[in-house]
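Hi,

Here is the structure I promised to pass on to you. Have a look at it first, and then read on for what turned up.

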Amino acid sequence: MSATIEEHIKMRISHGFRVLVGVVGVGLFAGHAACGDGTSAGTDASTGADANTSTDANMSDMGHMPDGTVNSQHGQICKMLESTAGKNPGYVIPGVAGAPRWGFPTAPPATRRVRKSWSTLAEAEKKRVVDAFIALKRVTTKSGDPGSARAGYKSFCDELGLGGYERNLYDFYVEAHVNAYIAMMTPQQGMMQMPHKGPHFLAWHRYLLLRLEADMGEAIGDRNFALPYWDWTDCYKDGPSPKTCTALFGSGHLGSPGSCDDATSSVTGYLTDQGFMVNVAQEGRDPFSTAGVKCAKRPVRRNVGCSTDIPAGPPDSAAINGIFSRAVYDSAPYDGCYTDDAVSFRQYLEGFNDKDLVPICVAAGCGMHGRAHFFIGGDVQKSTAAPNDPIFFLLHGEVDRLWAAWQEDNIKSGDPKRMVDSGNPGYPKDYAGPLFNFSEVKASDVFDLKALGYEYDTLPARP
Ligand SMILES: [Cu+2]
């Protein structure tokens with residue numbers, strides 16, 4: 001079994017990545033040999049009565065698997081990658097190669113933008129943030145707004161003949177995120193460039209937010225606009241196993257948390273009332289192909305607190321504390337299949353769990369960032385088009401903030417080994433290279449957030 005998988009992976013990697021395979025070959029194939037072990041356990045059918053939910057989970061953003069052990073997880077994630085081998089030689093790239101560095105300061109900024117916790121904003125400030133998201137939907141190639149030229153990206157909807165929509169600066173981010181999955185493990189995106197399940201996870205999303213933040217600021221005419229973040233621990237104000245998060249939702253801004261009665265529960269409230277609609281989504285079993293791309297207008301979907309196969313609530317402070325004991329940024333084989341007691345910071349924060357978390361969280365992908373996605377449900381959980389819900393960007397603001405805190409600790413430690421690459425000890429230097437779809441930026445360009453002109457109002461207390 002593992003030999004077959006290795007052949008598939010080799011096929012996907014193809015000639016363009018032979019050098020890369022040479023460098024990380026041992027780790028890469030060690031990882032996928034282990035995937036074979038998990039696959040042979042054949043647990044993907046053992047999802048029981050919860051089959052529908054499980055199918056949704058299989059195609060989710062996090063590669064979460066609903067049942068069983070780490071080994072079955074390990075097998076299924078790799079199995080999905082295997083199933084895509086050779087299928088998508090001609091996906092489209094929605095980005096613009098060589099595009100300007102959105103959001104990058106041209107000189108050291110005199111003042112830094114301060115990203116604040118969503119729950120500390122006044123109602124009017126929350127509304128203004130939502131207005132900025134809505135404004136991006138209105139920046140089209142024809143609108144003539146500043147930045148409208150950047151809305152001229154290639155869209156899956158056009159390329160696949162599914163009917164177009166008016167391309168705009170918001171849906172660029174949705175398409176870029178879908179594309180990040182479809183291109184996984186292709187010649188265009190080797191393992192070390194994967195925006196998910198690899199070392200670039202944090203850098204790629206940091207850059208995505210940086211660009212979006214600059215676009216939002218431009219759209220509302222405020223160059224100092226700072227994107228707020230969702231402090232996951234705020235939801236525990238609702239109780240020890242929160243089923244909702246009153247700190248996050250509101251009919252006057254982000255809208256309703258949705259309902260558990262309906263898997264396609266639509267967001268109601270200001271966001272939807274102002275005409276914020278999904279234009280391009282991804283549904284279906286295979287997040288690594290274009291087969292599940294859907295192009296139809298509809299409201300955002302949410303099912304907050306409805307997932308039953310993870311602990312209730314987003315990551316709590318105990319879970320968050322766990323990341324600060326991870327001394328190494330990332331470790332071989334640098335993938336989402338890897339599980340080890342010494343799991344790296346990136347793997348832990350992305351949500352591929354250490355074995356010691358199995359009892360509370362049996363599935364790789366339901367820890368940390370993955371768990372937050374599951375808590376929101378709907379578009380954020382069930383699709384690679386997770387950025388369709390603006391909450392996605394607040395969620396990733398928290399991920400970025402936790403990385404910032406971890407970086408600060410490692411820089412402060414004074415240990416020269418820990419200071420390598422601006423506080424990313426263990427960062428695989430050979431892979432600090434260009435980001436997928438944004439080749440104008442290297443991962444190492446975004447390591448130092450202060451040089452990028454922003455900071456967080458607070459960093460979490462460390463254990
Ligand atoms: Cu993502």
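This is a predicted model: local features need pLDDT of at least 70, side-chain atom pairs count only at pLDDT 80 or more; totals for chains, interfaces and linings use all residues.

A quick word on naming before anything else: helices here are DSSP runs of H or I with at least four residues, numbered from the N terminus.

The mean pLDDT of the protein is 75, with 71% of its residues at 70 or more. Residues 1-76 have a pLDDT below 50, although the model gives this stretch 132 contacts beyond near neighbours in sequence. Another stretch to treat with care is residues 353-366, where pLDDT stays under 50 and the model has 45 contacts beyond four places in sequence.

Now the overall picture. The protein has 463 residues, and 53% of them are buried. It contains 15 helices and six strands. If you take the contacts with a separation of 6 or more, 69% of them join residues 24 or more positions apart.

Back to α8, which covers residues 200-219.

What does α8 meet? One partner is α5 (residues 123-137): the two axes come within 9 Å and cross at roughly 90°. An angle from 65 to 115 degrees counts as roughly perpendicular, so α5 is roughly perpendicular to α8. On the α5 side the contact is made by Ala 132, Phe 133, Ala 135 and Leu 136, while α8 brings Asp 215, Met 216 and Ala 219. Sorted by class, that makes six nonpolar residues, one charged and no polar ones.

Further along, the loop between α8 and α9 (270-273) holds Ser 241. Is Ser 241 buried or exposed? It has 11 C-beta neighbours inside 10 Å, and 12 or fewer counts as exposed, so Ser 241 is exposed. Leaving out residues up to four places away in sequence, Ser 241 touches Ala 312 and Gly 313. Ala 312 is 71 residues from Ser 241 along the chain, yet their C-alpha atoms are separated by 5.0 Å.

Over to you!

Cheers

Definitions and conventions
Residues are numbered from 1 along each chain as its sequence is written. pLDDT is the predictor's confidence in each residue, from 0 to 100. Two residues are in contact if their C-beta atoms, placed from the backbone, lie within 7 Å. Axes are lines fitted to C-alpha atoms, for helices over the stretch in contact, and angles run from 0 to 180 degrees between N-to-C directions. Helices (H or I, at least four residues) and strands (E, at least two) are DSSP runs, numbered from the N terminus. Angles under 35 degrees count as roughly parallel, over 145 as roughly antiparallel, 65 to 115 as roughly perpendicular and the rest as oblique. Ala, Val, Leu, Ile, Met, Phe, Trp, Tyr, Cys and Pro count as nonpolar, Asp, Glu, Lys and Arg as charged, and the others, Gly among them, as polar. A residue is buried if 20 or more other C-beta atoms lie within 10 Å of its own, exposed if 12 or fewer, and partly exposed in between; C-beta atoms are placed from the backbone.
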